[in-house]
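Dear colleague,

I am handing over the structure below, together with a short account of what was found in it. Please read the account with the coordinates open beside you.

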Amino acid sequence: MDLLTNYILHQADNALILGHRNSEWTGHGPILEQDIAISNIALDLIGQARNFYQFAAYRLNELSPSEKITEDDLAYLRDEHEFKNFVLVEQPNGDWANTILRQFYFSSYQLLLFRELSNSPYPELAAICEKSIKEIRYHVKWSSEWVIRLGDGTEESHGRMLNAMQNLNPWIAELFQPVDFDYEADETEAGILPEILKDEWYQRVNRILETATLPTISSEKKSMQLLSGKKGVHSEYLEPLLAEMQVLQRTYPGSQW
Amino acid sequence: MEANPQSENWPLWEVFIRARQGLDHKHAGSLYAADAQMALENARDVYTRRNEGISIWVVESKNIHASSPAESGEFFDPANDKVYRHPSFYILPEELKNI
C-alpha cells in the first residue's frame, strides 16, 4: 500500500471510528434533542469516512487493477493493526462530558487540518476536505459551547469536565506526531506535517477552556506515549469496537442493505 | 430514553422555520433547551436535518400568550354570520381576470 493511500486511510479511519463511537449514543442521549445532535454528528463523520474510503479504494484499484477493493472492504474487513486512527477517537464514550471533550479536541484539529488540505494539489482530497469543513465548523461550535456550558456550569459538571480532561489529555500529543505517511504527504505536497497546526490548535482550545473556567493545557508537557494509533498500535478499546462494527460483514461477506 | 428530568430544569421553546426565501416562518414544533443558542442548535438538528429550512426563530413558550379555548365562543363565533366582511360584494370589470 502506498504511503499517500495510508494518509487518506488515516483521515477515513478517524472519521469512521469517532462516528461509530458517537453513534453508540443513539437512543441513549441525555435528552432527545442532544441524542439527535450527537447522532447527526455521527452521520456527518461517517459521510466523511465514506468519501475518504472511496478515494482510497479508487487509488488502490488504480495501482493494482486486478483487485476490486470497495469502501466496504476498507471499513469492514481490515484488522485492528491496519486501522490508522488516533488513539483519542477510539476512547470509550464515558459520560457526556467525556464525549463532548473528545469531539471538541478532534473537531478543532480536523478544522485546522482540512483548511490546509483543501488547498491540496490532489483535487479529490481538496474537494472532500472543502465539503467537510462546513460540517466541522458546526461540530467545533457545538462542542465548544458544551465545553463552556459544562465547565462553567455546576460543581458536578465542572468536575466531570476535569475528569474528562484527565482521561483524554494523554492522547493529544499524537495529533501532532508525524509518521511515515505524514512525511510523504508533506514531501509530495498532498498534505502537511501536523506539527504546523500545533500552536493554533493549543491557542484555540485554550481560549475555550479558559472561558469554561477549566485549566488550560500546555504543549510543552512531555507525554509518555507508547501507543500510536497512526502506526496501528491501538489501545485496548479499538478491538471490541471493531468486533461490533464489523460482525455483519464478516459473518455474511458481501451482504447489503 | 429516561423520564424527562430536563422538563423540570430546561424551559420549553417553540420553533418557527422558514422553508424558502419569501415564505413566512411557520411553527414547526417545540423542544427543550437551556438557552436561546442551544434552542437554535437543537432546532437545527431536530427540524432541519432534511433540508426543511433556511431560517429558524425560537421563542420561549412562556412568552407566547394564547387565546383560551373556553372563550372561543365570544372570541370567534360572532364573525360567523358577517359575510359582508368578505370582499365578495364588488362587481369586477371583465378585464380583471386574476383577482
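In the sheet of chain B, B:Ile17 stands opposite B:Lys26, which lies in E2(B). The model is a predicted one, in which local features need pLDDT of at least 70 and side-chain atom pairs count only at pLDDT 80 or more, while totals for chains, interfaces and linings use all residues. Residues are numbered from 1 along each chain as its sequence is written, and chains are lettered from A and ligands numbered from 1 in the order in which they are written.

Strand E1 (12-18) of chain B pairs with E2(B) in the antiparallel sense over 7 bridges, where pairing requires that DSSP finds at least two bridges between two strands, and where strands (E, at least two residues) and helices (H or I, at least four) are DSSP runs numbered from the N terminus. The open sheet has 3 strands in the order E2-E1-E3, with antiparallel pairing, and its edge strands, each pairing on one side only, are E2 (25-32) and E3 (55-60) of chain B.

Turning to the contact between the chains, chain A contributes 8 residues and chain B 11 residues, two residues being in contact if their C-beta atoms, placed from the backbone, lie within 7 Å. On the side of chain A that touches chain B, helix H2 (32-63) and helix H6 (123-151) of chain A each supply at least two residues, and H2(A) gives the most, with 5 residues.

Finally, A:Ala173 is placed in the loop between helix H7 (155-168) and helix H8 (180-187) of chain A.

With regards
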